[in-house]
Amino acid sequence: MFESFIDQAFRRAQENGDLDDLPGTGKPIKPSSLTADPFAHTFAESGAMTPFGMLQVRIDEARKRLAEASDSEQRRAIQSEISALETRKAIEMETWKRYS
């Protein structure tokens with residue numbers, strides 16, 4: 001029987017006990033965490049993010065700073081930062097769609 005490299009690695013990890021006592025083992029996935037993104041649950045549990053997810057966090061942080069800024073020059077700088085981050089996020093998402 002043909003066994004892929006991933007299947008072999010997974011089987012070895014199981015045999016070695018590397019997968020024992022993992023957080024959430026045996027617990028069902030909460031229906032509220034199921035989305036169209038197949039990796040969303042994994043990212044949420046591990047704290048890992050896609051490149052565009054990390055950019056969104058930076059955008060959100062910049063928007064908070066913008067809301068608190070009162071100096072017009074500082075506000076313009078933050079608005080420019082947000083614009084650049086949103087452009088970068090759009091490029092990352094387009095690249096992801098094109099090559100995945």
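Biologist: At what angle do helix α3 (residues 51-68) and helix α4 (residues 72-99) pack, and how far apart are their axes?

Modeller: Happy to, and please keep in mind that this is a predicted model. Helix α3, residues 51-68, packs with helix α4, residues 72-99, at an angle of about 165 degrees, and the two axes are 9 Å apart. Angles over 145 degrees count as roughly antiparallel, and α3 and α4 are therefore roughly antiparallel to each other. The crossing in which α3 passes α4 is left-handed.

Now for the residues that meet. On the α3 side they are Pro-51, Phe-52, Leu-55, Gln-56, Arg-58, Ile-59, Ala-62, Arg-63, Arg-65 and Leu-66. Their partners in α4 are Arg-75, Ile-78, Gln-79, Glu-81, Ile-82, Leu-85, Glu-86, Arg-88, Lys-89, Glu-92, Met-93 and Trp-96. Sorted by class, this contact of α3 with α4 has 11 nonpolar, 9 charged and 2 polar residues.

Glu-61 also lies in helix α3. This residue is partly exposed, with a relative accessible area of 44%. Its C-alpha atom is separated by 9.4 Å from that of Ile-82, a residue 21 positions away along the chain. Ile-82, in turn, is among the α4 residues that meet α3.

To put the pair in its setting, the protein has 4 helices and 0 strands, and its elements run α-α-α-α from the N terminus on. Of its 100 residues, 13% count as buried. The protein exposes about 8300 Å², and carbon and sulfur atoms supply 56% of that area. Among contacts with a separation of 6 or more, 37% come from residues 24 or more positions apart.

Gly-24 is partly exposed, with a relative accessible area of 35%.

Notes
Residues numbered from 1 in each chain as written. Predicted model: local features only at pLDDT ≥ 70, side-chain atom pairs only at ≥ 80, totals over all residues. Heavy atoms only, no water. Axes fitted to C-alpha atoms, helices over the stretch in contact; angles between N-to-C directions. Helix = DSSP H or I, 4+ residues; strand = E, 2+ residues; numbered from the N terminus. Parallel < 35°, antiparallel > 145°, perpendicular 65-115°, else oblique. Left-handed = near helix turned anticlockwise from the far one by under 90°. Contact = heavy atoms within 4.5 Å. Nonpolar A, V, L, I, M, F, W, Y, C, P; charged D, E, K, R; others polar. Buried < 20%, exposed > 50% of the residue type's maximum accessible area, 1.4 Å probe, protein only. Areas by Shrake-Rupley, 256 points an atom, 1.4 Å probe, with all protein chains shown as cover.
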